[in-house]
Structure formats: C-alpha cells, structure tokens
Amino acid sequence: MDATTRSRALLLAPALFILTVAASGPLLIVFVYSFLTPGDYGGVVWDFSTQAWFNVIAERDFFTEELGWADAHLAVFWRSIKLSLLTALLSFLVGFPTAYFIATRPRRSRDMWMLLIMIPFWTNLLIRTFAIMELIRNEGTINTVLIAMGLVTAPVQMLYTEFSLLVGMTYVYLPLMILPIYASMERFDFRLVEAGYDLYASRWQVLRRIIFPLVKPGVIAGSILVFVPCLGAYVTPRVLGGGKQIMLGNLIELQFGQLRNWPLGAALSLTLLVIVMVALLIYVRAAGGEEARHG
Amino acid sequence: MIDIREVTKVFGAGSDAFRALDRVSVTIRQNEFFTLLGPSGCGKTTLLRMIAGFEGPTEGTILLDGDDLAGKPPYERPVNTVFQSYALFPHMSVAENVGFGLRMLGRPKDEIAATVREMLALVRMSELAERQTAQISGGQQQRVALARALAPRPKVLLLDEPLSALDFKLRKEMQLELKRLQNETGITFVFVTHDQEEALTMSDRIAVMNAGRIRQIGVPREIYDHPADRFVADFIGDTNFLSAELTARTGDTATLRLPSGRTVEARAQGDGTPGKVTLAVRPEHAELAPPEEGALTGTLTEVVYSGTDTHYHVALDQEAGLFVLRRQNRPDAGPAHQRGDRVGIRLGAVAGQVLRD
C-alpha cells in the first residue's frame, strides 16, 4: 500500500465508520430481532423463532388453528405499493410539465422558479401535512367553497381516504420528481425540438420520440426518489389516513408500539427493505441499459 | 419555386424592437442553388427560418409553388433543414436519424429502409449506418444531417451555414459534394453563409444581404464584376475605392476623370449624369507600372507574399488611403518591387465598376 492509497483509505474512513455503525449495526439488530420471540411487554426474548417471518404473510386462526393468509398485512402491502406507484405517476404527470416549463425559461429566472419549488420542501413535513388536511377536510376550504358555490349539498369525504393519502404524498414528494427531470432537461438541447418539427413530427411526436427518451434517466431517478420514501411513509398516512388507511410505516410502528410484537415489526421492516431493493434493482437495470446504449 | 413578397420581420416591441428583415422580396426558382450571403445579423438566417416555419413574418407573404405558407407549422411544410449544429438525435443510430422524417410521415417500413439505404449511399455513409451519432466525426455528422434532410424528398432544402464547423479541406470537399447532391436530386437548395468565396463557388444565384435588406441578387459573376453598391463591392472580394468624376457615358461604358487628371473608362449602369462617383477596382485588375505610365502614382508601403500571389500596398499621391494590387507569382513575373519604391498603377482597359454614392 503506497502513500496515496493509504491517504485515500483515510479519507474514506469516516464515511465507512458512519455507514457501518449507523446503518449496518442497526440493520443487523433488526435482522436478529426478526428471528426472536416477542416479550410480553415489548422487547424480545432470546428464543429463536421463525414465527415473525411466518406472520408477515400468514396467520393461524386463533380458535380453529386453521392456516390462512394474513389478509390485514397483505392489504397494507398492497395499499402501500399501489399508493406509492400512483404517487410516482401523479408526481410525474404534474412534475414533467413543471420541469419542462422551468427548463425553457430564460436562464436567470430558472433559479427563482426552482427556489419556489424548493421552499415548501424545506418546510416542516407535519405543518405541510396539516395544511393539506385543512384544505380537504369536511369543513375545510375546498368543501366550504364547493358548498357555497352550490356544486354539492353535503361535504365530499376526502380526508381519511386513499385519495387524501395520494394528494398528500404527491404534494410532499413532488420536488423529488421535479429536480432530477429538470436536471435532465437543462442538459437537453432544445434545437433537437426544431429538428423534430422540421422532420414532420407533431408536438406529441416530438415529446414522445425526442424529448422523453432523452430525459428518461431523470424521469426514472425521480420515480425512484418518490416511490421509495412513499413506501415507508409514516407521517402523511398517520395524519391524512386517520388510522383507517394505514401504510407499511404505520403497520411497523404498530408492532413496536401498541401490539408489542418487536420480531414481527423487525420482519416487516426487512420486507419493506427488500421491496425497496427490488425497486432500486429495476432502476439500476433501466438506467444502466440506457447508458450502455448511448455510450 | 419560393416567392417571398415584401417580407418584414420585427423582433420585440416598442423601443426594443429590432427590424431583422425589411420588405424583402425575392423569387427562388425551381431546382436552383440559391445563396443568401451577408454578414452576421443581416437577416439571412431569419429569412431561412421563416421559410422553414420556425418564425412567422410580421408582414408579407411566402409562397411555395403558389401555396401561401402562412400559419403552416414546420411539420406541414415540404421543406427540410440542415442545421448549423446538425441537431442529430443522439438517442438514435445514423440510420434511424435518416429515417426519422419518413417514419413521422407514416411511410411503410420497407420503403423507409430502402430510402435510408439510398440516402446513405448518396452521402457515402453506408458502412456507418448502425453507428451512434456520437461515434462519428464532424464531417460524417454533416453527411448524416444532409441525408436526413434529403430523405423525405422535400421540395426545398434549407442549409444554415452547414459547413462553418468543418476545417478548410473538408469544407472544400463538402462544397463540391453539396453541388453534386443538388445536381443529382434536383431539389431546390437555399444556402445561408457569410463566406463570400463559398457563395461564389457553389451558387447559381446569390442574394447579398445587409441590415435586413437585399442589396443585390444575381449570378456569382454579376455580383463580383458588377456590384450594385459600395456594400456589395466591399463585402464580396477585395476592392479599392477611388473618387472620380464622371464626364461622359455611352451605353454601359463611362468615362471618368481621376484626381490625377488621367481619364479612364469603366463600367456603369443606371444613372449616367456627370458628377462625383466612386470607382471600384479589384486588386487583380490593376498592375504596377513605372510612375510616368500609371493612371495613379504612389509609394509602395508593403509587399506581402502569400504563396500564389503577392500583394502590393500603395499609398496614393492623389488621395488618402491605400491601393492594394495583387499579382500572381509566376517565374516570368516582372521586375521585383521593394518597399519605398515610387510606382505607378496601370488600370485595365475597363478600369472597374462605377458606384453612385
């Protein structure tokens, strides 16, 4: 090992230390806990058991001892994945035009637009979530206006529905979609758009065949950045779902809290991690394939 | 045939308004290699972009084979462009780039494949069909851009300074190549350039533009030999401007009296009333002579050797300014001249072109 390599290793050391201690350590603890027996008042008893992993997807009926699917868990998994995908989709539908708009402004005003996008992002998550709640609750702004305009007679139930979660999470994570798409679009050579029009491509064809393929890496990155935190979202479903529409994050919290089943909580956490890993793998495949084709 | 009638283009409004084109009228004929020539900012690219449909005229009309192009977006015009930056699609192969226009027109697959092959053969790029555009050289990208614009068989091909990014040798090669392509395809080419030499070599006709106006339209020889005004004479090639007095005129020949007192003959069109005029003399149309034989006299201030030619700079006795002469370097060239020599300048039987101020 020569001097350069040694000093490089030294530079790496703090990061390695933090990653090992702060990530691998707790992860290892979670892994070990998932194979233990729950204690009566929380915590774990050091008896090896695969019960928790079994309970992630299946359960034995309390009275008949009949084996069945853990419907409650599966419903939460399904809702989490579905809402996360929908949030990513909705964020894309809102974020793509926004990023396009900003990227086509004069250079000087782009930073101002990005700042406007980022300001809500820097605001406390709870405050933003309560703001959404204020808008959509039955006595909230939207319903008040709708009733005043005579469009509806009774308030439209939006709060505590999957809709409210979708709106809330899209609002929260939208900047994470806009940023990478904007970064891709800023590098996009808009002269190619003129070349497309010149070669008989309509607006839609230019968007689909020229702009979209070239900013796709940004779209994929944005989708992952939105999808992953949505899967584990806790605050938004807690406030806007009102305990009715719980997601994975809330289910995990329940196991460690009220239900005092730490091993199951640990197993659910690791399941969430696996789902995230699979999503990242798909991303790496998609992005890697892109790069290989464009050199 | 493109008929451009009284086209004006104003960018911006109020005090910031910029008149890029000012009542420009020109007719570009079928199957013609037509060049818009002028310094940067003269409006030539704006005019090209209006034919392509990227800009609309503020006033005036553009007709293509009798159809008014007003309001038609670029993708509905049978006109294709070779962009200065080439603007090749980086996510497509060479062949996909060339086939793009036909694909957007919804042509059948086998027809597209056949046309792409034909076009790539035309620009001698067949072997590189499957390459990515980032993997080929600038000259090759240029050829792909040409093939891509020619593939849909447009009625008019617009070329926006397509050779400016190439080095000297490649540029010369592409000039001949473009001329060949125009002959083989029979498509009308509208070529924009600021390079007068390029314009003279390639064009059937040239429109010289300045400050949003067309100053002269003509075949290269006409533009070079009979510049319509001082701007054209100055922009195309090198020119010496002499003050003179027109004394008589018969037909296209005018008799001029130079400040030296000598009388010379020169070409003149239009107004023939006697009075002060400017005589434009090309450097290669005059030669050095003993002082007593020249129409003008002066002192040699500089002798510049440039390979094929030698340039002589003469400070004139009769008026301020330098007179530049060019002589081809041949083994049988006349006596050598040196800086500081007293010389005369002999003008040809037809001294040059008379310009009205």
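Buried area is the accessible area, taken with a 1.4 Å probe, that two parts lose on being put together, summed over both. Between chain A and chain B this area is about 2,100 Å², and carbon and sulfur atoms give 64% of it. The model is a predicted one, in which local features need pLDDT of at least 70 and side-chain atom pairs count only at pLDDT 80 or more, while totals for chains, interfaces and linings use all residues. Residues are numbered from 1 along each chain as its sequence is written, chains are lettered from A and ligands numbered from 1 in the order in which they are written, and side-chain values use heavy atoms, with hydrogens and water left out.

Contact here means heavy atoms within 4.5 Å, and 19 residues of chain A are in contact with 27 residues of chain B. Three residues, A:Asp198, A:Leu199 and A:Tyr200, supply 37% of the area that chain A buries against chain B, more than any other three residues. A polar contact is a pair of N or O atoms within 3.5 Å; within protein, one must be able to donate a hydrogen and the other to accept it, and residues adjacent in sequence count only if both atoms are side-chain atoms. Six residue pairs in polar contact, both residues at pLDDT 80 or more, are found across the interface of chain A and chain B. On the side of chain A that touches chain B, the elements giving two or more residues are α8 (191-198), α9 (203-231) and α12 (262-294) of chain A. Of these, α8(A) gives the most, with seven residues. Such elements are DSSP runs numbered from the N terminus, helices being H or I of at least four residues and strands E of at least two.

Charged pairs come next. A salt bridge is a side-chain nitrogen of Lys or Arg within 4 Å of a carboxyl oxygen of Asp or Glu. The structure holds 35 salt bridges over all chains, and one is found across the interface of chain A and chain B. In the pair formed by B:Arg49 and A:Glu194, the N to O distance is 2.6 Å. B:Arg49 lies in helix α1 (residues 44-52) of chain B and A:Glu194 in helix α8 of chain A, so the pair joins two chains. Relative accessible area under 20% counts as buried, over 50% as exposed, and in between as partly exposed (1.4 Å probe, protein chains only). By this scale B:Arg49 is partly exposed, at 23%.

Chain B has salt bridges of its own. The side chains of B:Arg124 and B:Glu177 meet at 3.0 Å, N to O. This pair links distant parts of the chain, 53 residues apart: B:Arg124 is in the loop between α3 (109-122) and α4 (138-150) of chain B, and B:Glu177 is in helix α5 (residues 168-185) of chain B. B:Glu177 is buried, at 6% relative accessibility. Salt bridges that share partners join B:Arg124, B:Arg143, B:Glu173, B:Glu177, B:Arg180 and B:Glu184 into one network. Another salt bridge is that of B:Arg19 with B:Asp22, at 3.4 Å, N to O. Here B:Arg19 is partly exposed, with a relative accessible area of 44%, whereas B:Asp22 is buried, at 11%.

A nonpolar core is a set of buried Ala, Val, Leu, Ile, Met, Phe, Trp, Tyr and Cys residues joined through side-chain atoms within 4.5 Å. The largest has 78 residues, of which B:Ile2 and B:Ile4 touch the most other members. Helix α7 (residues 162-187) of chain A gives the most to this core, with 12 residues. Apart from it lies another core, of 36 residues, including B:Ala95, B:Val123, B:Ala129 and B:Phe191.

Further along chain B, B:Thr297 is found in strand β16 (residues 296-305). This residue is buried, with a relative accessible area of 15%, and its side chain makes a polar contact with the side chain of B:Asp317 (2.8 Å).

Finally, UniProt, in an unreviewed entry, places the feature "transmembrane region" at several spans of chain A, including residues 115-136 and 163-183. UniProt positions are given in the numbering used here, feature names are shortened, and annotations may be inferred rather than shown by experiment. Residues 163-183 of chain A are 100% helix and 0% strand, with end C-alpha atoms 30 Å apart.
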